Amino acid sequence: MTANNKKIIYYLVFIVLFMNLFLLFLYSINYDVLLFKKSSYLIPIFINIIALILLSTISSGNFLVTLVIIIGLLLLLLLKALFTQLFHPYSYEHVTSPINNKVILTEYRKSLLDGKVSFYRIYQVKFVVFTKQLTKKEIVIDYPYTLDPSQKEIFDYEAPEWRGENTVIFHTIEGPRRFIMD
């Protein structure tokens, strides 16, 4: 193995490990990267796969086995998000506060089986590329089969009520949902 190949290997390992550890750190503090979230984490998964292919073609020996195990374990964490999103994707809607200093991102989807159950998550967009989840868990809204409400009646994410700079209220079929932003 030449010195040039060793440099390439070290750079690849550094980039992939840094990206994966950075994503895990963001996830641990309840943040996410907006671009990755909307792409169902396909971008970091493809970067991991390309890095593994390049590493396997450039190097050989026990060093590669160690790297494959480390990167593979980190890749498994990203695959969990991929399969959930791939078979039941979310839609996204941005809402800006009246004084244009806060942006809310609503992530939503309907149930696959009957469409009478809706799932929502609310995020605050920070620094243009990061999101912070405002919901502690997914909001599940279930409504009776006898009703046929519009999307606005189920969860009005297009025109929330703003109270001050840091409070937003979404009106739902189950009553108002209030979120406080940083």
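Leaving aside its neighbours within four places in sequence, which residues is Ile122 in contact with? The legends below work through that and a few other close-ups of this predicted model.

**Figure 1. The whole chain, before zooming in.** Five helices and nine strands make up the secondary structure of this predicted protein. Reading from the N terminus, the elements go α-β-α-α-α-β-β-β-β-β-α-β-β-β. The chain has 182 residues, and 43% of them count as buried. Take the contacts between residues at least 6 apart in sequence: 50% of those join residues at least 24 apart.

**Figure 2. Ile122 and the largest nonpolar core.** Back to the opening question: Ile122 touches Ile104, Leu105, Thr106, Lys132, Gln133, Leu134, Thr135, Phe155, Phe170 and Phe179, once neighbours within four places are set aside. The largest nonpolar core has 17 residues, and Ile122 is one of those that touch the most other members, together with Ile104, Tyr120, Phe155, Val168, Phe170 and Phe179. Strands β3 (103–110), β4 (117–126), β6 (139–142) and β8 (167–172) each give two or more residues to this core. There is also a second, separate core of 10 residues, with Ile9, Val16, Ile45 and Leu55 among them.

**Figure 3. A nonpolar patch on the surface.** Here the side chains to look for are Tyr11, Phe14, Ile15, Phe18, Phe22, Phe25 and Ile29, which form a nonpolar patch with about 770 Å² of accessible area together. Tyr11 belongs to helix α1, residues 3–28. Tyr11 counts as exposed because its relative accessible area is 57%, and the cut-off for that label is over 50%.

**Figure 4. Ile43 in helix α3.** Helix α3 spans residues 42–58 and includes Ile43. With a relative accessible area of 32%, Ile43 is partly exposed. Skip the residues up to four places away in sequence, and Ile43 touches Leu35 and Phe36.

Figure 5. Ser97 sits in the loop between β2 (91–96) and β3.

**Figure 6. Glu138 and its two arginines.** Seven salt bridges are found in the structure, and this view picks out two that involve Glu138. One is with Arg109, where the closest N and O atoms are 3.8 Å apart. That pair links distant parts of the chain, 29 residues apart: Glu138 is in the loop between β5 (130–133) and β6, and Arg109 is in strand β3. Arg109 is buried, at 13% relative accessible area. The other salt bridge joins Glu138 to Arg121, at 4.0 Å from N to O. Arg121 lies in strand β4, 17 residues from Glu138 in the chain. At 21% relative accessible area, Arg121 is partly exposed.

Figure 7. The side chains of Glu161 and Arg163 form a salt bridge of 2.8 Å, N to O. Both partners are partly exposed: Glu161 at 27% relative accessibility, Arg163 at 49%. Elsewhere, salt bridges that share partners tie Glu107, Arg109, Arg121 and Glu138 into one network.

How values were computed
Residues numbered from 1 in each chain as written. Predicted model: local features only at pLDDT ≥ 70, side-chain atom pairs only at ≥ 80, totals over all residues. Heavy atoms only, no water. Patch = residues over 30% accessible without salt bridge, like charges linked within 9 Å, V, L, I, M, F, W, Y side chains within 5 Å. Areas by Shrake-Rupley, 256 points an atom, 1.4 Å probe, with all protein chains shown as cover. Helix = DSSP H or I, 4+ residues; strand = E, 2+ residues; numbered from the N terminus. Buried < 20%, exposed > 50% of the residue type's maximum accessible area, 1.4 Å probe, protein only. Contact = heavy atoms within 4.5 Å. Core = buried A, V, L, I, M, F, W, Y, C linked by side-chain atoms within 4.5 Å.
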